[in-house]
Amino acid sequence: MASLLDSVTVTRVFSLPITSSISPASKVPSVSARRISPVPEFRGLKASRKSSVTQSASLGTNLGSRFARGGRIVCEAQDTTAAAVEVPNISDSEWQTQVLESDVPVLVEFWAPWCGPCRMIHPIVDQLAKDFAGKFKFYKINTDESPNTANRYGIRSVPTVIIFKDGEKKDSIIRAVPKETLEKTIERFVVE
C-alpha cells in the first residue's frame with residue numbers, strides 16, 4: 001500500500017479570508033475579515049517543496065510555505081508487512097523437514113493472496129506465534145504457490161489452519177475464526 005502512495009503532487013493549496021458578518025443587502029458573506037485556519041498535518045505524511053519553487057517565500061509561513069505551487073506530499077507510512085511478526089511462508093519442498101519432522105507441534109495456515117478472510121486471520125496467527133514461541137512452530141503456506149501440499153491434505157477452502165504433532169495431522173479449523181478459538185485448540189497440543 002505504501003508503494004502506491006509514494007508521492008502525490010499538490011498543484012495549489014491556499015486559504016481564503018472570509019467574514020463572519022453577512023451584508024444586509026446581498027445576504028452573501030463577504031470574503032474580507034477572517035482567515036480560515038490552516039489544514040492540519042497528517043501523521044505519516046511529509047510535506048516537501050521542490051527546489052525550483054520560489055513562490056513559497058511570498059506565501060507566508062503558515063500553509064502557503066508548506067504547500068507552495070508544485071509542492072509534494074510524500075507518504076512515509078511504514079510497510080505494514082514488515083512491522084508485523086512475520087510467520088514464515090514455506091513451500092512444498094520444505095514441508096517434510098519443517099512440519100512433519102518437527103520436534104514440537106506445528107500450526108500451518110493454508111492461505112491465498114486473493115482471500116479476504118486470510119488477511120483477517122494473518123495478524124491473529126502472528127500474535128499467537130509470539131504468545132506460543134518455543135512451544136509451537138507456526139508456518140503459512142500459499143496454496144497457489146504450493147498446490148501439492150494443499151491437495152495432499154484436501155484443502156478446498158482458505159483459510160484452513162491445521163495442527164500437526166509428531167508428523168501427523170491432529171486438528172483442523174476451516175475459515176477465519178476468533179483468536180480464542182485458535183488459542184484453545186493450540187493449548188490442547190502444547191508440549192510443556
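Student: Which residues in H4 meet which residues in H6?

Tutor: In this predicted model, Ile121, Ile124, Gln127, Leu128 and Asp131 of H4 meet Lys179, Leu182, Glu183 and Ile186 of H6. Sorted by class, the contact of H4 with H6 has five nonpolar, one polar and three charged residues.

Student: Is the crossing left-handed or right-handed?

Tutor: H4 passes H6 in a right-handed crossing.

Student: Let me try a single residue. Where does glutamate 180 lie, and why is it called partly exposed?

Tutor: Glutamate 180 lies in helix H6. The general idea is a cut-off on relative accessible area: under 20% is buried, over 50% is exposed, and partly exposed is in between. Glutamate 180 has 47%, so it is partly exposed. Along the sequence, glutamate 180 and isoleucine 124 are 56 residues apart, and their C-alpha atoms are 9.6 Å apart in space.

Student: And the whole chain: how many helices and strands are there?

Tutor: The chain has six helices and nine strands. Of its 192 residues, 35% are buried. The chain exposes about 12400 Å², with 53% of that supplied by carbon and sulfur atoms. Finally, take the contacts between residues at least 6 apart in sequence: 64% of them join residues at least 24 apart.

Definitions and conventions:
Residues are numbered from 1 along each chain as its sequence is written. This is a predicted model: local features need pLDDT of at least 70, side-chain atom pairs count only at pLDDT 80 or more; totals for chains, interfaces and linings use all residues. Side-chain values use heavy atoms; hydrogens and water are left out. A crossing is left-handed if the near helix is turned anticlockwise from the far one by less than a right angle, and right-handed if clockwise. Helices (H or I, at least four residues) and strands (E, at least two) are DSSP runs, numbered from the N terminus. Contact means heavy atoms within 4.5 Å. Ala, Val, Leu, Ile, Met, Phe, Trp, Tyr, Cys and Pro count as nonpolar, Asp, Glu, Lys and Arg as charged, and the others, Gly among them, as polar. Buried means under 20% relative accessible area, exposed over 50%, partly exposed in between (1.4 Å probe, protein chains only). Accessible areas come from the Shrake-Rupley method with a 1.4 Å probe; for residues, only the protein chains shown count as cover.
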